[in-house]
Every structure is written in structure tokens, then in C-alpha cells.
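Subject: A structure for you to look at

Dear colleague,

I am passing on a structure that I would like you to read through slowly, with the viewer open beside this message. My notes follow directly after it.

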Amino acid sequence: MSGAALGLEIVFVFFLALFLLHRYGDFKKQHRLVIVATLLAWYLCFLIVFILPLDVSTTIYNRCKLAVNSSPAESNGSYVTLAPSKLKCFKPWSYIPDGIMPIFWRVVYWTSQFLTWILLPFMQSYARSGGFSITGKIKTALIENAIYYGTYLLIFGAFLIYVAVNPNFNLQWNQLQTIGIAAANTWGLFLLVLLLGYGLVEIPRSHWNGAKRGYLLMKTYFKAAKLMTEKADAEENLEDIMEEVRKVSESIKYNHPLRKCVDTILKKCPTEYQERMGRNMDDYEDFDERQNSYPSEKSLAKLHKQVIYSVQRHRRTQVQWQILLEQAFYLEDVAKNESSATRQFVHTFHSQEPENKIIQYFYTPTVEWYWECLLRPWFYRVLAVVLATFSVIVVWSECTFFSTKPVLSLFAVFIQLAEKTYNYIYIEMACFLTIFFLSICVYSTVFRIRVFNYYYLASHHQTDAYSLLFSGMLFCRLTPPLCLNFLGLTHMDATISHKNTQPTAYTSIMGSMRVLSFIADGFYIYYPMLVVILCIATYFSLGTRCLNLLGFQQFMGDSEMTSDLIDEGKELIRREKRKRQRQEEGENRRREWKERYGNREDSTRSRAVHTDQKESSFSETNASRPLSKYTRSNNRTERDRIELLQDAEPLDFNADSVNDDPLESDSGR
């Protein structure tokens, strides 16, 4: 049973990461190496979160065994009994044998660090490169990452020289490894607190606002106005890039050495632009290097990069616009159905995608009305209260987890109470809920943030390769400090609890942070307290107000610009709604026409077929008559054809010019 729990979680986490990656990435169009690298990064990070509670329960059992073995004890099957106090150390159902977890954590941790610091940055530059060959893309990626890698090597080399020259330091390889891990975790913890402070407030607030129908509808109108601006900008940018591609395609002919590069660029263009450029291109003209100036391969690589970016952005805005329209129409339907007397949900437009029959059977219009109009708002309110309670507990524990006497961290209190009775199910559930909530707060912020158009995780398969790889880098850098922070909150880290007890397998591979005392006793303990300031700033929307002042329109209820964008978005949704209604009315009229006059058309078609059969039978009977009649008629037709040919005027090919239009010729016969 012990190995089954670990195996089930490994398989479950793999399919969870695969499902999320399928939602955001595009398996058909994106490169396989990008998909594999991102899937591996997400999988390892999610795996750490799910396996760590098993490590905690196994560590508590091992501590009990050590306490029992230190005094006379009796062994009885699946548990160990301490003779004096009759204390029983039951083996947990998810117990993992000794020696497995250290190897497992070592492989997972160092693989994730290799991905986030070496492989994924290189693949980012490789994916953004506009080169036309693998060698060219690798060269571009190495040049772009030279400064990135060189900076780290310079700092690390200076540190090694300082340690070698200073006689007071006598660092071994294990201590040097611990310093590297501490440096990576420090960088991750700095970013972790920023994302955690935002998620602890925004997640409960978003669910509370999800119960407000008017709020969601107004925010959807606001998004529609902003997205329409972005959509128009993307279309204009694509038109400009396609115009440059057309000029390059017309200037570089079929026998030019760079024509292969141009063909590669054309393959990345949308289909309608490819057909348009193909009609306007004349490949029968040879190129002349002395008369024309041709672009270089470097400029074509830059154009190739711009084409990839503009096409991806245009496709993403088109898909997001359709999704936003469906969301706006649905929210308007909910607002209309709230006052329905029949208590049956009526949709303005039918779903374009076929629905599952099982869902249709259970999720009837009556059930949908009760859920959308009555139950869903209350469910979101209750969920928001529960999440807000968890957020308050996390903030309190982050500010007090360094206190061991008395223990003020609530998560540590819960775990220690369960440890006294060795209730492993409760321990694992408490650990899982705690680290799962922390992960949701951090990872959801990673999915929500947007750095202009360079980093943006868009659902429905609209995320580009650069953003997928960047998200993998963030996950690999945030997960190790997140787990260490969780172990500190529960006092399972000996550095925090100051107890000489057996550490968890995850903590053992990190090494003792006492090598850098100013980090272990200072930064790791007091820096997480800043989460209070970040939560206050998020609650009062200070970041949103600052962005709004800088010119980046944000949704704010008390802003005049927000009201104007809401009105604009409402008009856009109304216009799209009228357009779709006209389309559906046209389709309904055509359907009614087919149903009404379909039988007449079928009877007319059958009469036409019957007439054709009669004509074919008549021709067969005539074919059986003597052939002399047809021979005479054929001869007559041939003589008429000869006479017409004799009447034709012969062309004079010796003339100076030939006029195509006979009406404009001055000379007669």
C-alpha cells in the first residue's frame, strides 16, 4: 500500500499537468520540444506539492520509531509499542520506505533547477528566434543568453576566488552546494511573497464578486472595449507586416538564393494572404543583383520573427473576442432569466458546439435556472468566506511562525496536535490543504499576470511558446521556496523549530542553512512578514490605481474612464448581438424554405429524371435506323462549314501592327 500511494499520485499529477498544458498550449502547432519541456517543468512542480504531505507523515512516523528505539520496546507487526507508556507508533497507510524519498527529491529538485536556469532560458531564445535553420536559431540563442549566463558565472567566480584567498573560510563541496541552493531559494522567496500577497486577497475577492451579476456584466463590457482596441491593433499590425512580406516576395524571385527563406516566411502567413501574394507574384522574371537592392538574411530573420508574433497575436485576439462574446451573452441571459416566472433558463442563442447528451439529461433548463439564478451566488459567497478565512490564517502564521515558545502559527498547532495521536490521515489532509491553498494563491497569480504582450498565458490553446516556457521557469523557481515556507509554517523545518529531531527528506537535500546565518536567521524569517503590507496594498487596489494613473486602463468603479469603456463595450456587445440575430434569422428562413418547398423540388427533380430517361430511350430507337440519312446530313454540315471558312478574311501578318479591336480599325476590306 505504501508504494501504491506514491505511484497513484505520480500518475494523477502527470495527467493534471497534461490537462492544464492542453488547455493553454497547442499540441498541433507548437514545437514538440517546447511542449515536452513545459510539461516536464509543470509536472515536477506539481509533483513536489502533492508528494510533500507524504514526506511529512513518513517523517513523523520515523521520529516515533527513533523515540521508541531509544528505550525498551516491543515490536508487534505494523506498529511499535513503547513498554513504559504503552505508546503505539502505527505505520501510516502511505508510508514510503527509507531511502526512496531522498533519491526522489534529489532527482526532482536538480532536474527542475537544470530546467529553470539552463534549458528553459535557452529554449526561450530559440523559440523567439527568426532563424531559418537549426544552426542559426542555436547561434542566436547562445548570443542572447551569453550576458545572462556570463553574469552568473562572473558572480560565482568572484565568490570562489574570495573563498580561496580568505583563510577564515574552509568550505567543502556540500557547503558550497548549500550556498547555491540558498541563493536560488532566496531569489524565489523574494518573488514568492509578492505573488502570495496578491493571491491571498484577490482570490477570495474574485469569488465574492463572482456572486454579483451586475459586477460581472460591467466588467465584461469593460473587457470587451479593451479587447476590441487590442484586436484592431493586432489586425493593423498584421496588415503592415503582410505588406512588408509582399514587397519582399515580389523583389526576391524564384531563382534568388534567399528565395527559400521567403517561402518559409510565406508558410507562416495566414492562408488568405498566401493566396493573395501567390496571385500577384510573377516568378518568371530573373533577378539582377546589379539593378535591385535585396534584403539580407538577417533582415529576413527579423521579418520572420515579426510574422510569427503578429500572426499569433492576431489569432489570439480573434479567439478571445469570440469567447468574450459568449460570456457576455450568457451573463445577459442570466440577468433576464432572474425575473422569469416559469423558472426555466432560456438562452438567446443556441450553443454552437454540440452538448453532451448526459449533461442535457441532468442539466435541464429548470436545473440551470435554479443553479444560475439562486444557488450559484450563495455558493460563491460561502466559498469566498472560506477562502478569506484561510487567507487570514496564512497571514497570521507568516507573521508568527518563528515563535516556538509558545507556538503561535496555527498550522504548526494543528500538525502538533495530530502528531500526538499519530492521526496520519488528518496530518496528510491538513498538510495537503495548506500547501494546496498556498500553491493556488501563487500559481493563479502566475496565470493571471500579463507583462504587456511578452508574457501572457491565454486559455483555449492561445499561449505562445515563449510564455509557456517562461511559466515553466517561474514554477521551477517558486516551488522550492514555497515548500520550505510551508515546512516553516508547520515547524517541520529544524531551522525554525530549533529542535534536534529528524528532518524531512526534502529538508535534508537542501542542506543546513546555518552555513549562511544571515539568511537562515534573518531573511527567511522576517521577509515573509512583508506579506501583510502586500495584502493591504492589494485590498485597497493600490497597484491598479497606479497603473490607471500611468495610462493603463484598469477596471475601477469610481473612474470616469472605466464608465466610458463600459458604455463602449456595451454598445459593441449590442452590435454583435444584432449581427448574430440576423444570421440566425437568415438560417431559420432558409431552413423553413427547405422544409416547405423541399417536396416540390424532389418531385421536380424526379420528373426531370423521368424526362431524361425518355430522351435516352428515344435516342436509342433512332440509333437503330439506317445510317444513310445521318451520312447525308453530316456531308451537308461539312459543306456548310467549308463555305464559312472560305468567307473568312485571312489575316495579314506582314502588316506593321495588328489591332485587336476591329471597330477601331480605319482600313476596311
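Arg-590 has its place in helix H20, which covers residues 560–623, where helices (H or I, at least four residues) and strands (E, at least two) are DSSP runs numbered from the N terminus. Please keep in mind that this is a predicted model, in which local features need pLDDT of at least 70 and side-chain atom pairs count only at pLDDT 80 or more, while totals for chains, interfaces and linings use all residues. Residues are numbered from 1 along each chain as its sequence is written, and side-chain values use heavy atoms, with hydrogens and water left out.

Arg-590 counts as exposed because its relative accessibility is 52%; buried means under 20% relative accessible area, exposed over 50%, and partly exposed in between, with a 1.4 Å probe and protein chains only. Together with Arg-589, Arg-591 and Lys-594, Arg-590 forms a positive surface patch. Such patches are made of residues with over 30% relative accessible area and no salt bridge, like charges being joined within 9 Å and nonpolar side chains (Val, Leu, Ile, Met, Phe, Trp, Tyr) within 5 Å; a salt bridge is a side-chain nitrogen of Lys or Arg within 4 Å of a carboxyl oxygen of Asp or Glu.

A patch of negative charge gathers Glu-236, Glu-239, Asp-240 and Glu-244 on the surface. Glu-236 belongs to helix H6, residues 213–251, and counts as exposed because its relative accessibility is 52%.

In helix H18 (residues 531–539), the buried residues are Val-531, Cys-535 and Thr-538. They lie on the same side of H18, because they cover an arc of only 65 degrees around the axis, the arc being that of the directions from the helix axis to the C-beta atoms. After H18 comes Ser-541, with a positive phi near 55 degrees.

His-461, although not a glycine, has a positive phi of about 65 degrees; His-461 sits in the loop between strand S5 (455–456) and helix H14 (465–489), and counts as partly exposed because its relative accessibility is 32%. His-491 also is not a glycine and has a positive phi, of about 60 degrees, but His-491 counts as buried because its relative accessibility is 7%. Finally, Lys-405 and Pro-406 are joined by a cis peptide bond with omega about 0 degrees, and Pro-406 is found in the loop between helix H11 (365–400) and helix H12 (410–421).

Key. Accessible areas come from the Shrake-Rupley method with a 1.4 Å probe; for residues, only the protein chains shown count as cover. Lys and Arg count as positive and Asp and Glu as negative; His and the chain ends are not counted. The place of a charge is taken as NZ of Lys, CZ of Arg, CG of Asp or CD of Glu.
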